[in-house]
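Subject: Handover of a structure and notes on helix packing

Dear colleague,

Please find the structure below, together with its sequence. My notes on it follow.

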Amino acid sequence: MDEFSWFMGAFRQLTGIDLARYKRPQMERRLTNLRDRRGFSTFAAYIQALEADGTLLNELLDKMTINVSEFFRNPERWETLRELVGAMSTAPRAWSAACATGEEPYSLVMMLLELGCMGQPILATDIDERVLERAAAGRYDPLQVRGLAPPDLERYFSFDGREYQIRPQIRENVRFQKHNLLEDDYPTALDLIVCRNVLIYFTDPTKQEILERFSNALRPGGLLFVGSTEQFFGMKLPNLAPVAPFMYRRLG
Ligand SMILES: C[S@@+](CC[C@H](N)C(=O)[O-])C[C@H]1O[C@@H](n2cnc3c(N)ncnc32)[C@H](O)[C@@H]1O
C-alpha cells in the first residue's frame, strides 16, 4: 500500500472522513503541501502529530475542504432560481448542503422573504463544525459582502464599522447542523436542494451516489441547484430532468 493510501485509512479512523471518495490528485497535492509546510517528511509522522494536536488537525480540515463562499454566487443563476421558486405553489422546504460559512442559506432566506414564500427554516449543513460556527455567528467582513447592493446590505445587516452582522430576522430562518454527505442520512420531502461547489471534489461514483440520494430526498417537482462548475457528463440523472443550466427537477 502506498503511503497516502495508508494515511487515508489512519485519517478515517481519526476523523471518520473517507478521503478515498474525494478526487485523489488534488487532495494528495493539497495535503502533501501542508504536511511539508509543517515540517513532517512522512504521513506517519504527520498523523501522530495530528492525533496529539487539535490545532494542527483543524488546519488540515480547513485545507481539505475549501470553505470559500459568496452571497448570491453566480447572480444570473440565482435570478433563474428566483423565477423557478416563485412559480412554486407553496413555501419550499429547502436544504443548503455544504453551506460553508452561511452565505448560501442566508441568500436563500433573502430571496424567499422577497418572494413572500419563507416557510419553515432552511436546513443548512456542512461537514466542518468550525465553518458552521462562523455561519451561525453571521459576521462578515466588507470583502465578503461585496456582491450585495448597498440597499440590501442595509436591509439585511447591521454594520459596526468593521464587520457586517446578519440581522436576527434572517438568522432565525436558518437551522445549521453538522452533516456529512458521504455518511449521514439525508432529509426527505424537500422542494429545494442547493448543493454547490462541493460535488467537484468527489470521485464520479461518489457523485453518482449523491445525485441518487438527492433525487430521493426531493418531492416530485422539487429542484436541485448545483454549482456552475459542476458537470455530470456520462452520468445517469436519476429521475432528474435539467430545467435550466445547473438546475434539475425531480420527475414524478
Ligand atoms: C467551496 S465550499 C461551498 C460553499 C457553498 N456551497 C458555495 O457554493 O458557495 C465547499 C464546502 O463543502 C464542505 N464539504 C466537503 N466535504 C463535505 C462532505 N463530505 N459533506 C458535507 N460537506 C462537505 C466543505 O466543508 C466546504 O464548506
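In this predicted model, helix α1 meets helix α2 through Glu3, Phe4, Ser5, Phe7 and Met8 on the α1 side and Arg24, Met27, Glu28, Leu31 and Arg35 on the α2 side. Sorted by class, the residues of this contact are 5 nonpolar, 1 polar and 4 charged. Helix α2 covers residues 24–37, and its axis lies 12 Å from that of α1, at an angle of about 85°. That angle makes α1 roughly perpendicular to α2.

The crossing of α1 past α4 is left-handed. On the α1 side the contact is made by Phe7, Phe11, Leu14 and Thr15, and on the α4 side by Leu57, Leu60, Leu61 and Met64. The contact of α1 with α4 counts 7 nonpolar residues and 1 polar residue, with no charged ones.

The next point concerns the domains. The domain assignment divides the chain into domain 1, residues 3–64, and domain 2, residues 75–250. Their centres, taken over C-alpha atoms, are separated by 28 Å. Each side supplies residues to the contact between them: 12 residues come from domain 1 and 12 residues from domain 2.

A further helix pair is α5 and α6. How are these two helices placed relative to each other? Helix α5, residues 75–86, packs with α6 at an angle of about 50°, and the two axes are 11 Å apart. This angle makes α5 oblique to α6. The crossing of α5 and α6 is right-handed. From α5, the residues in contact are Trp78, Leu81, Arg82, Val85 and Gly86; from α6 they are Glu104, Ser107, Leu108, Met111, Leu112, Glu114 and Leu115. By class, the contact of α5 with α6 comprises 7 nonpolar, 2 polar and 3 charged residues.

I would also draw your attention to Ala98, which sits in the loop between β1 (94–97) and α6 (103–115). Which residues does Ala98 touch, leaving aside those up to four places away in sequence? They are Thr125, Asp126, Leu181 and Val198. Val198 is 100 residues from Ala98 in sequence, yet the C-alpha atoms of the two are 6.8 Å apart in space.

Finally, a note on the annotation. An unreviewed UniProt entry gives "domain: CheR-type methyltransferase" for residues 1–252. In the model, this span is 42% helix and 18% strand, and its end C-alpha atoms lie 46 Å apart.

With kind regards

Note on methods. Residues numbered from 1 in each chain as written. Predicted model: local features only at pLDDT ≥ 70, side-chain atom pairs only at ≥ 80, totals over all residues. Heavy atoms only, no water. Helix = DSSP H or I, 4+ residues; strand = E, 2+ residues; numbered from the N terminus. Contact = heavy atoms within 4.5 Å. UniProt positions renumbered as here; feature names shortened; annotations may be inferred. Axes fitted to C-alpha atoms, helices over the stretch in contact; angles between N-to-C directions. Parallel < 35°, antiparallel > 145°, perpendicular 65-115°, else oblique. Left-handed = near helix turned anticlockwise from the far one by under 90°. Nonpolar A, V, L, I, M, F, W, Y, C, P; charged D, E, K, R; others polar. Domains from an automatic or database assignment.
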